[in-house]
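The sequence and structure come first.

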Amino acid sequence: MNVLLLAWVLAFSLSTAHAHGDEDHGDKTAPTTTGASPATPPGNGAKPKRLADGGVAMSKPIQYQLGIRTVQVKQQSNPVTIELRGTVVADPAAGGRVQASQAGRIEAGPKGLPMLGQVVQKGQVLAYLHGASSSLDRGNQLATLADLQAQYAVAERKAQRYDKLEGVIPQKDIDAARLELDALKKRQSAIAASMNAPEALRAPVSGTIAAAHVALGQVVDAKDVLFEIVDTQRLMIEALAYEPAQASGLKQASASLPQGELALQFVGGARQLRGQALPLLFRILPSKVALAVGQTITVTAQTEQTIAGMVTPRSALHKQASGDTAVWVHDQAEHFAPRVVRHQALDARHVVITSGLRDGDRVVTEGANLLAQVR
């Protein structure tokens with residue numbers, strides 16, 4: 001037993017000497033740190049959770065990571081707005097139609113038939129229309145032309161005889177013969193040209209081909225619409241108002257689309273019902289948003305009336321499970337409380353909160369839907 005104990009003590013001494021053999025036992029100052037721990041990176045804070053009162057507790061790092069943004073609201077007077085359903089239409093002063101003036105057959109123009117989206121200039125020949133006439137009409141034209149040719153031959157010989165008798169017969173008879181000959185020549189040329197010359201279909205305005213309803217060899221009737229031309233930089237919106245009071249006192253207006261927001265200028269409204277509604281016209285101010293004639297758009301127009309409330313972006317609104325509209329209020333550093341509100345539209349991107357908020361509240365404008373998903 002003593003031998004085993006001695007061997008164990010000897011092994012422990014050797015291992016201790018080896019572990020401390022290479023260490024420096026001099027007095028050195030230990031490094032110090034500033035702060036209890038390194039800064040916590042975004043996303044490493046406490047997990048967000050829904051509280052018993054319906055609010056959400058969320059740490060600052062996670063707020064930063066989710067992009068939560070707030071704005072302080074204040075009570076103010078705002079214009080009352082109305083929402084109207086509208087349709088994009090071409091400006092009548094900047095668009096036009098090419099119609100057939102008579103029945104006939106379509107032939108290509110100097111550069112072929114124009115395609116959709118092609119830019120054309122005012123006066124440009126788009127196509128040719130060869131008038132279609134029946135065999136009876138063509139026979140009557142040929143008979144008229146033959147009769148004119150015979151009258152021209154008689155008048156020509158008469159004028160030649162009068163020229164030889166100049167000084168013998170009155171000058172007025174000579175002048176009358178010459179005028180008759182010239183008139184018959186012009187009538188003959190006009191009839192011959194009308195039988196073969198096609199009608200040139202020209203663009204009434206400069207713009208873009210929005211619709212083309214022709215093909216080579218197509219037979220069209222009079223008043224058929226062949227081409228529609230619009231200026232994409234000068235479009236308008238025609239909205240419908242179902243109350244005459246809505247057509248008066250309108251100021252600026254706007255419309256929101258996924259590609260951006262449109263600024264509108266009120267032009268005027270009709271005073272005669274069309275389909276139990278009054279058409280209102282709004283001019284689209286210069287914008288980079290792509291539009292198409294016939295596109296349906298919701299117009300938000302401001303009136304002369306005012307309403308008290310707090311302005312917030314539409315992105316601040318969200319629907320609760322009960323169906324109520326609510327916003328999130330940032331009432332503490334890491335606490336958000338839901339508030340049921342009532343609102344009215346202000347423009348395409350903002351609303352007026354009429355009840356449910358207090359002056360000075362900080363409302364979440366970005367990330368409201370993310371807060372609503374916290375469970």
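In this predicted model, strand β6 (residues 104–108) pairs with β11 in the antiparallel sense over two bridges, where strands are DSSP runs (E, at least two residues) and helices are runs of H or I of at least four residues, numbered from the N terminus. Two strands are taken to pair if DSSP finds at least two bridges between them. Within this pairing, G104 stands opposite V220 in β11. Both strands belong to an open sheet of four strands in the order β9-β8-β6-β11, with antiparallel pairing. β9 (199–202) and β11 (219–220) stand at the edges with a single partner strand each, so one side of each is left without a neighbour in the sheet.

Residues are numbered from 1 along each chain as its sequence is written, and side-chain values use heavy atoms, with hydrogens and water left out. As this is a predicted model, local features need pLDDT of at least 70 and side-chain atom pairs count only at pLDDT 80 or more, while totals for chains, interfaces and linings use all residues.

A further group of strands is linked through β15. Strand β14 (residues 253–257) and strand β15 (residues 260–269) run antiparallel and are joined by five bridges; they form a hairpin with two residues between them. β15 also pairs with strand β16 (residues 278–284), again antiparallel, over five bridges. L264 in β15 stands opposite A253, and the bridge partner of L264 in β16 is I284.

On a 1 Å grid over the protein atoms alone, a cavity is a set of points where a 1.4 Å probe fits but cannot get out, whereas a pocket is an open set with protein on both sides within 12 Å along at least five of seven lines; lining residues have an atom within 4 Å of a point. Grid points are joined across faces, edges and corners, and a volume is the space filled by probe spheres set on the points. Ala, Val, Leu, Ile, Met, Phe, Trp, Tyr, Cys and Pro count as nonpolar, Asp, Glu, Lys and Arg as charged, and the others, including Gly, as polar.

| Space | Volume | Lining by class |
|---|---|---|
| Largest cavity | about 40 Å³ | four nonpolar, three polar, one charged residues |
| Largest pocket | about 250 Å³ | five nonpolar, seven polar, three charged residues |

The search of the whole structure finds one cavity of 30 Å³ or more. Its lining consists of K111, G112, L113, P114, Q118, Q124, V125 and L126. Q124 lies in the loop between β7 (119–120) and β8. With 21% relative accessibility, Q124 counts as partly exposed, a class between buried (under 20% relative accessible area) and exposed (over 50%), with a 1.4 Å probe and protein chains only. Apart from neighbours within four places in sequence, Q124 is in contact (heavy atoms within 4.5 Å) with K111, Q118, L201, R202 and A203. K111 and Q124 are 13 residues apart in sequence and 9.9 Å apart in space, C-alpha to C-alpha.

The largest pocket is lined by 15 residues, of which H130, G131, A132, S194 and M195 lie nearest its centre. β8 (125–131), α3 (135–164) and α4 (171–196) each supply at least two residues of this lining.

For the protein chain overall, the secondary structure comes to five helices and 23 strands. Of its 375 residues, 31% are buried. Among contacts with a separation of 6 or more, 72% join residues 24 or more positions apart.
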